[in-house]
Amino acid sequence: MSDTTTPRGGIGRIVGASLIGTTIEWYDFFLYGSAAALVFNTLFFPTADPLVGTLIAFITYAIGFAARPLGGIVFGHYGDKIGRKKLLVLSLLMMGGATFAMGLLPTYDAIGVWAPILLTVLRLVQGFALGGEWGGAVLIVSEHGGDKHRGFWASWPQAGAPGGNLLATGVLALLAAVQSDAAFQSWGWRIPFLLSGLLVMIGLWIRVSVSESPVFLEAQAKAEAAAAAGVKEEAPVVEVFRRSWREVLSAIGTRFGENISYYILTSFLLVYVTTHLGLPKSTALNAVLIGSAVHFVTIPLWGALSDRIGRRPVTLIGSAGMAIWAFVFFGLVDSKSFVVIALAVTAGLLLHGAMYGPQAAFISEMFDTKVRYSGASMGSQLASIIAGALAPIIAVELLKDYGSSTPISVYLCAAAVITTITVAVTRETLGRDLSRTRDEQQAQAPSAPVPASDRA
């Protein structure tokens, strides 16, 4: 596929629709994590020990991750069968509806145990929807864009994660600044959840205007022709595990350190700063706010760099750097200086961006079109269960047991090392033509240029 396949205005529209949609979905998802650290422990899971209440709140937070692989499988199957666009609209509706409903939930004092039960059910819906969102959003951009600049274009939906976190943290920080703690605890926390309804309507208006992926439409036509000729194809999820299980493992390992580092640098930081250091919640919120703004801007720059030097080298910069930063980060946060904490978070998120920016193109390029939605979704969402879902829980438990950040630094470093090893042994994907299958690509291998990172 050449870079002229999609006009610049066309790819810009596709990127804008994906970025806005993913920003809204991540806003909804991260809003829960922030609320779990700040208010849900007392409103829905009241206990005598604040850390225990927070731990229970983070367990329900993790339940949302548990639903993500199921969402990835279901959305991936239908996304590979009927297209990326329809599933992206559905995921946005499900996520926004669940978040809006959270803003209307009665608390434990009002309805007792039903409050955490209903909250958990809505969290499952959030996770299911987000499990289908990521694969579709990055694929529709990857498949519209050309080979030369795919890392840059596909990194924009990735920027939706810090964009959503920026939006969620910003709204919470604003409310914390203009409200008393009592007012925020009583009703102010509901405002960001209810705001989701308006954001979803804006996102839908933009997202329904995009066109379906041309690479998918081409693959769909080939599949229909094969079916007419009597060729029977397996379900995408079966095909993934039969032929692409190595790529699924590579995707999991690639996301492992990235996922854990992000939730420790953002969600767990709120707990650490408020509960362990005894600082105001505004200190942590504003530090994450500043870091997320820098993160949002630099993710596409890392994606663009991966178009020049390869997906692997850029990812390795981030994972190796994070393994070292794990031991610097908490030492800086322990200074209790807002400026130093903000610098620690920002530097950490810069390293995270080096892992996250090239990731959309890297994982997309691992799979053939007919199973790409399923394969990319399963690899990324399985990583979310074993990495991101458990990260705040493990970090809180380590802090509760040891009263020190050192074990958490070791945990974060180990996660970054796993990603470093995985990426080091994974084949470079830069330059892959997404319109060709892996077998077709390999058949042309002798005449194809070898990426610079594979020439060593």
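**Helix packing and core residues in a predicted model**

K281 is located in helix α14 (residues 281–309); helices (H or I, at least four residues) are DSSP runs numbered from the N terminus. The model is predicted, so local features need pLDDT of at least 70 and side-chain atom pairs count only at pLDDT 80 or more, whereas totals for chains, interfaces and linings use all residues. Residues are numbered from 1 along each chain as its sequence is written, and side-chain values use heavy atoms, with hydrogens and water left out.

K281 is buried, at a relative accessible area of 18%. Buried means under 20% relative accessible area, exposed over 50%, and partly exposed in between (1.4 Å probe, protein chains only). Beyond its neighbours within four places in sequence, K281 is in contact with L38, A176, D181, F184 and T274. Contact here means heavy atoms within 4.5 Å.

Helix α14 also meets helix α16 (residues 338–356). Their axes come within 8 Å and cross at roughly 30°. Axes are lines fitted to C-alpha atoms, for helices over the stretch in contact, and angles run from 0 to 180 degrees between N-to-C directions. The two helices α14 and α16 are therefore roughly parallel; angles under 35 degrees count as such, over 145 as roughly antiparallel, 65 to 115 as roughly perpendicular and the rest as oblique. The crossing of α14 and α16 is right-handed, that is, the near helix is turned clockwise from the far one by less than a right angle. On the α14 side, the contact residues include N286, I290, V294 and W302. Those of α16 include F338, V345, L349 and Y356. The contact of α14 with α16 comprises 14 nonpolar, nine polar and no charged residues. Ala, Val, Leu, Ile, Met, Phe, Trp, Tyr, Cys and Pro count as nonpolar, Asp, Glu, Lys and Arg as charged, and the others, Gly among them, as polar.

T169 lies in helix α8 (residues 160–178). T169 is buried, at 2% relative accessibility. Its contacts, neighbours within four places in sequence aside, are L285, V288 and L289. T169 and M322 are 153 residues apart in sequence and 23 Å apart in space, C-alpha to C-alpha.

The largest nonpolar core has 119 residues, and F40 and F268 have the most contacts inside it. Such a core is a set of buried Ala, Val, Leu, Ile, Met, Phe, Trp, Tyr and Cys residues joined through side-chain atoms within 4.5 Å. Helix α13 (residues 245–276) supplies the largest share of this core, 15 residues. Another core, of eleven residues, lies apart from the largest one and includes I11, A17, I140 and V210.

The axes of α13 and helix α15 (residues 311–333) come within 13 Å and cross at roughly 15°. Helices α13 and α15 are therefore roughly parallel. Their crossing is right-handed. The contact is made by S261, I264, L265, F268, L269, Y272 and V273 of α13 with M322, F329, F330 and V333 of α15. Ten of the contact residues are nonpolar, one is polar and none is charged.

K336 lies in the loop between α15 and α16. Its phi is near 65°, a positive value in a residue other than glycine. Most residues other than glycine have a negative phi. K336 is partly exposed, at 46% relative accessibility.
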